[in-house]
Amino acid sequence: MSEFEAYRGLFVAESRENHENLVKNLLILEKGSDQNAIDEIFRSCHTLKGASASMGYAEMERLCHAMEDVFQLVRSGTAEITQDLGDLLLACSDLLEQMIDDVEGGGDTSSLNPDDQVNSLKEWIGQRGGKPEKKGAAPAAPALESPASPVSEPLPLEGNVPEFEITVTVASECMMKDVRAMLAIGNLESLGTILTINPSKEAIDEGNFDGVLKLKIASDAGEEALKTAASGTEIAAVDVKAVVKQEAPAVKKPVDNDKKPAAAADKSREIKNLRVDITQLDHIMNLVEDLVINRGRLKQISEQHKIKELGEAIGMVERSVSELQNLMMNIRMIPLNQIFNRLPRVVRDVAIYDKKEVEFVIEGGETELDRSVMDGLNDPLLHLIRNAVNHGIESPDEREKAGKPRKGFVKLSAHRDRDNVIIELVDDGAGVNVEKVKAKAVERGLVTKEVADTYTTEQAVDLLFQPGFSTADKISDISGRGVGLDVVKRSIESLKGTIRVETTPGKGSRFELLLPPTMAIVDVMIVRINGRRLGIPISSIVEVANFKRDTTHFIGEGEAVLLRDEVIQLMWLNDMVGESEVCEILIVVQYEKRKCCIPVDLVEGKQEVVVKPLSKLIGNTRGVSGITILGDGEVVPVLDVNTIV
Amino acid sequence: MGKILIVDDTLFMRTLLKNILFSGGHTIAGEAGDGEEAIAKYKELKPDLVTMDVVMPKMNGIEALKGIKALDPAARVVMCTAVGQEQMVKLAIKSGAKGYIVKPFQAPKVLEEVKNVLAS
C-alpha cells in the first residue's frame, strides 16, 4: 500500500491519540460504569479500525474490529467491564501500541499476530451468548419524524398519472446492498408515488434483500428520468417498463432543488490547530538558535564600527529575533499530561501485580515543559511511580495494622515555580527505612559501618541514589529492572534538573523533581581565564568575590579559601585552559549543597546563549556540558557545574 | 465537479478523502472535525456536497445530517461508513442522506458516488 506512504506520519500521530484515549477511558471504566467513557472507547476503536483498514494494516484492523465488537456489547448494556475484561482489553491496547510503533518504524503490522487477543475477545463474546448486535452501532437515535409509509399495498392516486414497473439490480460486489436499494427507492419517491414494492421497505430495513428490487411507480417524470433516478453507484441494471393504461394530462410535481438556507450570519468556526512534524519544529528551532547567535555577532560588529543606521536596524532585528525565540519556545512547550496520562495504567498494573490497593491522583498535568525535557522525563518518572507503589505503599493488611486506610494514596502533581517546573510525587506508604538503607549500603560496600552510623536521615536517603543500590530484596518484575534511583538521578541531572527526597517513617515519602522548563537557551556568565573564555550557567553561580592568591589554605591535596566563615574548595581549571597568573576573581558555584569556587581573571558579562551539545565524536568531556558560539564567532565551552562540584 | 465539505473527526481520514476528491477534480470547500462544526461550516460555505462521518465526538454524523437538512432540505450529504454500520446508514438515508461510501475508501468508488450524488 505504498500509495498511503504519505499518510503514515499522520496515521501514527492520530492513532497514538486514539490509543491513549482508549487506555484512559478503559481505566475510568474499571472504576465504574461511565457512558461517556464507553462512547469514547467505542469511537477510538472505530476510528482506529477505519484508519488501519484504509492503510491496509490487516492485523491491526482485525484487532480493532474485535475490540469494537466487545464494546458494542458494553455499549448496549449487555455487558460490563470486569477486571478480567479490563486486563484483556488493556493487553489488546498494548498490542495496538506495538502495532503503532511498528508502523512508525516503517512496518505494516504484519509481524504482529493478534490471534491470541482476537480469539480471547471472541471467546468472551461467545460466553456472553452470541455475536454482537449490529444494531448496537446506532447510538440511541430518536425515532424518525417521518416514518416510512408502508407502501407494499397500492395507494390511492390523485388523477391519472402514468405508471411504470421498475426492476433495479444492485451490483454483486456492493457492500451494503440493502442500503443501495433504499437510496434507489428514495430517489424514485422524489419523482412519483410508489405503488408496490418487493421486497417491502420494512424487509429491506431489516436487511432482507438479495439484490433485486421490483417496484411499481406512478410518475409523470418520464422513463428516462426514472431510469436515471434509480441508477447510481453500484447499481448493475435498471429496467423501466411503462404500464399500459389510459393516458391523461398530468400535473407536474414541483421538485425544488434550489432552496437554499436562510444564511444567518453565524460566527464561523475555523480549524485552529495545526499538526506539525516535530523534526520540522526542531529544524526551525535550530535556525532560530543560529539567528540568536548571529544577532549577537551583528550587534558586536555594529558596536565596533559605530554605524548609527546599522545599529538601529540591528535593534529592530533584535526585537524580532527575541520575539521569534520566545514564540518558538512556547510552541515547543507540551503539557505534562502527554506523559502523565500513561501513568494511571502503570499504577494499576503494579498494584495488581503486588496485590496492593492504590488510589492515584494526578494534578497540574496542564503544566508545560519543553519537548526536549519531556523526552528525557518519561523513563525516570515511570521508575519513580513504580517505586512508589512497589516499595512505598504497603500491603492492605500491613496498612490496616498500622491504622491506615487499606487503600494507599499516591499523588503526582506539577506546577510552575518562577523559572522552574516542580514535579512532586507523594505517597502515604511506609517511607524509607533508614536503618535498612544504611545496612544495605554497608553490605554493598558503598560506605563503612562507622561512617554510616554517623549519617543523618537525609544523608542516608542520599544513599538510595548511589549506583548499585537497591533495597528490594529480590528483583521484581516491576520495579527492579537492574536500574536504580541512581539512573533516575542521572537522567534528571542530564535535563539540568535536580531530585530531592523527603521521607517520614510510617507516613510516606515525597520525591520532588525540579526541572528547567527548557534546556535550549541558558543564561551564562562569560569569564576569561588565561585569555580563554568560558561560560558558567548563571543558575549555578551563588557569588562572585575578590581573590588573593596568598589567602588560600592547603587541606590535604586540595586547596581552599575561607569565605564568610565557610571553607570552600578551590577548583583550578588549569587542565582546561592552562595556568593563569592573574586570577583575581572567584566565582562560587553550587550544586545541591556542595560549593566550590573557580578562580578567573575577568568577568565579561552575562549573556543568553544557546548551548549546543558536544558531538559524540569528542567523547567523554567531564566538566563541559556543551559549547556556544558567541557574537564574535568564538566557540566557547560552557561548564557543567554538576560534574565539577 | 463540486465544492465539497469534508466532515470527519480524524485529520487522517480527512486528508485521505481530500486527496481522493482532489484527484477527481473537485474543490474542497472546507473541513469539519465534529457534527457541530459541520453545521456551522455548512452555513458558512454552502458546499455542493458534504461527506459525513458517522461516529464523531460532540455530535454524531446522523444528528449533523439532520441539522444540515433542517438548514437546507436540498443538501447533498454522502455518509462515510464502515461495514457493520448498515443500520446507521439506513437511519441516515431516512433522514435525507443521498449516498454513502464505505471505509476503507476506494478512490474510484468514492468518486463515482460523489459524481452521481452531485448529478442528482
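**Cis prolines**

The peptide bond that joins N198(A) and P199(A) is cis, with omega at about -5 degrees. I note here that this is a predicted model, in which local features need pLDDT of at least 70 and side-chain atom pairs count only at pLDDT 80 or more, while totals for chains, interfaces and linings use all residues. Residues are numbered from 1 along each chain as its sequence is written, chains are lettered from A and ligands numbered from 1 in the order in which they are written, and side-chain values use heavy atoms, with hydrogens and water left out.

In chain B I found a cis peptide bond from K103(B) to P104(B), with omega near -5 degrees. P104(B) lies in the loop between β5 (99–103) and α5 (107–119) of chain B.

**Positive phi**

I then checked E234(A), a residue other than glycine whose phi is positive, near 60 degrees. E234(A) sits in the loop between α8 (223–230) and β4 (235–243) of chain A, and its relative accessibility of 9% makes it buried; buried means under 20% relative accessible area, exposed over 50%, and partly exposed in between, with a 1.4 Å probe and protein chains only.

K306(A), again not a glycine, has a positive phi near 50 degrees. I located K306(A) in the loop between α9 (278–305) and α10 (308–331) of chain A, and with a relative accessible area of 71% it is exposed.

**The two chains**

For chain A I noted 20 helices and 22 strands, with buried residues making up 44% of its 645 residues. Among the contacts of chain A with a separation of 6 or more, 69% are between residues 24 or more positions apart, a contact being heavy atoms within 4.5 Å.

Chain B has five helices and five strands, and from the N terminus on I read its elements as β-α-β-α-β-α-β-α-β-α. Of its 120 residues, 66% count as buried, and 63% of the contacts in chain B between residues at least 6 apart in sequence join residues at least 24 apart.

**Helix α5 of chain A**

I wanted to know which residues of α5(A) are buried. They are Q117(A), V118(A), L121(A), W124(A) and I125(A), and because they cover an arc of only 125 degrees around the axis, they lie on the same side of α5(A); the arc is that of the directions from the helix axis to the C-beta atoms. These buried residues pack against α3 (58–75) and α4 (83–104) of chain A, whereas the face turned away from the buried side carries the exposed residues D116(A), K122(A), E123(A) and Q127(A).

The helix itself (residues 115–127) has 13 residues and reaches 18 Å from its first C-alpha to its last, close to the 18 Å expected at 1.5 Å a residue, the expected span being 1.5 Å times one less than the number of residues.

V488(A) belongs to helix α18 (residues 485–494) of chain A and, at 3% relative accessibility, is buried. Leaving aside neighbours within four places in sequence, I list P380(A), H383(A), L384(A) and I499(A) as its contacts. V488(A) and I499(A) are eleven residues apart in sequence, with 8.7 Å from C-alpha to C-alpha.

G605(A) belongs to strand β20 (residues 602–610) of chain A and, at 25% relative accessibility, counts as partly exposed. With neighbours within four places in sequence again left aside, G605(A) is in contact with V524(A), M525(A) and I526(A). The C-alpha atoms of G605(A) and M525(A) are 5.7 Å apart, although 80 residues separate the two in sequence.

Last, I looked up how α6 (residues 177–189) of chain A meets α4 (residues 86–94) of chain B: they pack at an angle of about 5 degrees, with their axes 10 Å apart. Axes are lines fitted to C-alpha atoms, for helices over the stretch in contact, and angles run from 0 to 180 degrees between N-to-C directions. The two helices are therefore roughly parallel to each other, since angles under 35 degrees count as roughly parallel, over 145 as roughly antiparallel, 65 to 115 as roughly perpendicular and the rest as oblique.

The contact is made by D178(A), V179(A), M182(A) and L183(A) of α6(A), together with E86(B), V89(B), K90(B), I93(B) and K94(B) of α4(B). By class I have five nonpolar, no polar and four charged residues, where Ala, Val, Leu, Ile, Met, Phe, Trp, Tyr, Cys and Pro count as nonpolar, Asp, Glu, Lys and Arg as charged, and the others, Gly among them, as polar.

Terms used
Helices (H or I, at least four residues) and strands (E, at least two) are DSSP runs, numbered from the N terminus.
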